[in-house]
Amino acid sequence: MTLTDRRPQRGAPPSDRSLELARATVSVIARDGLRSLTIAAVALESGADEEVLRSVGSTDALVDVALRYALDKSASIFVDITPGSSLDNFVEHLTDLVARDPDLQVFQYELMLDSRRTPRLDPHVKLLYATYLEATSQALTRLGITADEDLTLLVYSAIEGFIMHQLVAKDRLATERAIERLRRILSTAR
């Protein structure tokens, strides 16, 4: 199964309104936590009319739209990796991604953590993990590294740790040094 197979299928590209709602949902959850997500909070954040937002259906629908948005944006760290790429390209934009939009990462951590208390979030979190694990595996393969499940999980977990470190410790240089160390370790797996 490929990354594309696991992602929700969409007909047309997201509309401007859909993107605005996704960004507003990400902001509300990143700032106030998932338990603070309401139609009214997203309406206030986005400037949209609350009645218009009710047509979306539910806060679950908003979480789904925001998750797809987050996956599209975050998976971009693997975009430059093509078959035969140098390990220098591996997650080279990770610290930029975190610095440019930390709320996007916080939103995803909020979902992960709250899923322990809220079973309805399980499908969202399973999609998130499946997408990132598959993207990591594909990137390693394009780098010429045989990526079994254990190595893929190890590398994905390291990347996730780098993101958390940069968000919490706010030490981008330390994160960049750790990424470089991971690249040197991976060079021995080729």
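**Entry 1: Arg142**

I began with Arg142, which counts as partly exposed because its relative accessibility is 23%. My cut-offs are: buried under 20% relative accessible area, exposed over 50%, partly exposed in between, with a 1.4 Å probe and protein chains only. A note on the source: this is a predicted model, where local features need pLDDT of at least 70, side-chain atom pairs count only at pLDDT 80 or more, and totals for chains, interfaces and linings use all residues. Residues are numbered from 1 along each chain as its sequence is written, and side-chain values use heavy atoms, with hydrogens and water left out.

I found Arg142 in helix H8; helices here are DSSP runs of H or I with at least four residues, numbered from the N terminus. Which residues does Arg142 touch, leaving out those up to four places away in sequence? I listed Phe78, Ile81, Thr82, Pro83, Gly84 and Ser85, taking contact as heavy atoms within 4.5 Å. I also checked Arg142 against Thr95: they are 47 residues apart along the chain, and their C-alpha atoms are separated by 21 Å.

**Entry 2: Phe78 and the core**

Next I followed the contact to Phe78. Leaving out residues up to four places away in sequence, Phe78 touches Phe90, Val91, Ala135, Thr136, Ala139, Arg142 and Ile159. Phe78 also turned up in the largest nonpolar core, which has 54 residues. Phe78, Phe90, Ile159 and Leu186 are the residues with the most contacts inside that core. By nonpolar core I mean buried Ala, Val, Leu, Ile, Met, Phe, Trp, Tyr and Cys residues joined through side-chain atoms within 4.5 Å. Among the helices that each supply at least two residues of this core are H2 (16-32), H5 (59-74), H8 (122-142) and H9 (149-169).

**Entry 3: ring pairs**

How many aromatic pairs does the structure hold? I counted three. Rings of Phe, Tyr and Trp (its six-membered ring) pair if their centres lie within 6.5 Å; planes under 30 degrees apart are stacked, over 60 edge-to-face, and the rest tilted.

Phe78 and Phe90 form a tilted pair, at 6.0 Å centre to centre and 35° between the planes. Both Phe78 and Phe90 lie in the loop between H5 and H6, so their pair ties together parts that are twelve residues apart in sequence. I looked up burial too: Phe78 is buried, and so is Phe90.

The pair of Tyr129 and Tyr156 is edge-to-face, because the ring centres are 5.8 Å apart and the planes stand at 75°. This pair links distant parts of the chain, with Tyr129 in helix H8 and Tyr156 in helix H9, 27 residues apart. Tyr129 is partly exposed at 30% relative accessible area, whereas Tyr156 is buried at 6%. Ring pairs link Tyr129, Tyr132 and Tyr156 into a cluster.

**Entry 4: cavity and pocket**

On a 1 Å grid over the protein atoms alone, a cavity is a set of points where a 1.4 Å probe fits but cannot get out, and a pocket is an open set with protein on both sides within 12 Å along at least five of seven lines; lining residues have an atom within 4 Å of a point. Points are joined across faces, edges and corners, and a volume is the space filled by probe spheres set on them.

There is one cavity of 30 Å³ or more. The largest cavity holds about 170 Å³ of space. It is lined by 15 residues, with Gln105, Tyr132, Tyr156, Ile159 and Ile163 closest to its centre. H6, H7, H8 and H9 each give its lining at least two residues.

The largest pocket has a volume of about 160 Å³. Ten residues line this pocket, and Leu133, Glu134, Ser137, Glu149 and Thr152 lie nearest its centre. H9 gives the largest share of the lining, four residues.

**Entry 5: positive phi**

Last, I looked at backbone angles. Most residues other than glycine have a negative phi. Val91 has a positive phi of about 45°; Val91 sits in the loop between H5 and H6 and is buried, at 1% relative accessible area. Lys170 has a positive phi of about 55°. Lys170 is in the loop between H9 and H10 and counts as exposed, at 68% relative accessibility.
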